[in-house]
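Reader: Let us go through this model briskly. Please end each answer on the value or name I ask for.

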Amino acid sequence: MCRLYTMAQLTWLIHEAGLVVERTVYGDAWERVGLEPGRLLRAPHRVLTKGALWAATSLAPPARSMLLVVARRPRTNDAPATP
């Protein structure tokens, strides 16, 4: 089963696991795969498509395909409050 998460859902899950979120990043869709030297001349449509996708997702980071959250175990003085 595949599950897609929003950044809000992912950070909530991490917080519920008792961790402290340090950083959140919307991953870049730009991949170096298929961008070998000479590829622009042999398959310009592929390079231009990747470039267009990268440009579009740069304007709307939540539309990017990868989420990254950096979290850590809390120190004793910043532990999440328990209800």
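Reader: How many salt bridges does a search of the whole structure find?

Author: This is a predicted model, where local features need pLDDT of at least 70, side-chain atom pairs count only at pLDDT 80 or more, and totals for chains, interfaces and linings use all residues. Residues are numbered from 1 along each chain as its sequence is written, and side-chain values use heavy atoms, with hydrogens and water left out. A salt bridge here is a side-chain nitrogen of Lys or Arg within 4 Å of a carboxyl oxygen of Asp or Glu. Searching the whole structure gives 1 salt bridge.

Reader: Which parts does the pair of Arg72 and Glu22 tie together?

Author: Side chains of opposite charge can pair when their charged atoms come close. Arg72 and Glu22 meet in a salt bridge at 2.4 Å, N to O. Arg72 lies in strand 2 (residues 66-72) and Glu22 in strand 1 (residues 20-27), so the pair links parts 50 residues apart in sequence. Helices (H or I, at least four residues) and strands (E, at least two) are DSSP runs numbered from the N terminus; the parts tied here are strand 1 and strand 2.

Reader: Is Arg72 buried or exposed, or partly exposed?

Author: Buried means under 20% relative accessible area, exposed over 50%, and partly exposed in between (1.4 Å probe, protein chains only). Arg72 has a relative accessible area of 22%.

Reader: In what order do the elements of the protein chain run?

Author: The protein chain has 3 helices and 2 strands. Read from the N terminus on, the order is α-β-α-α-β.

Reader: Which residues of helix 1 are buried?

Author: Helix 1 spans residues 7-16. Its buried residues pack against strand 1 and strand 2, contact meaning heavy atoms within 4.5 Å. The buried residues are Met7, Leu10 and Ile14.

Reader: What arc do they cover around the axis?

Author: The arc is that of the directions from the helix axis to the C-beta atoms. The face turned away from the buried side carries the exposed residues Ala8, Trp12 and Glu16. The buried residues of helix 1, Met7, Leu10 and Ile14, sit on the same side, because their arc is only 65°.

Reader: What accessible area do Tyr5, Trp12, Leu13 and Leu67 have together?

Author: Trp12 is exposed, at 51% relative accessibility. Patches are made of residues with over 30% relative accessible area and no salt bridge: like charges are joined within 9 Å, nonpolar side chains (Val, Leu, Ile, Met, Phe, Trp, Tyr) within 5 Å. Accessible areas come from the Shrake-Rupley method with a 1.4 Å probe; for residues, only the protein chains shown count as cover. The four form a nonpolar surface patch of about 380 Å².

Reader: Leaving aside neighbours within four places in sequence, which residues is Val25 in contact with?

Author: Val25 lies in strand 1. Its C-alpha is 6.0 Å from that of Leu67, 42 residues apart in sequence. Neighbours within four places aside, the contacts of Val25 are Met7, Met66, Leu67 and Leu68.
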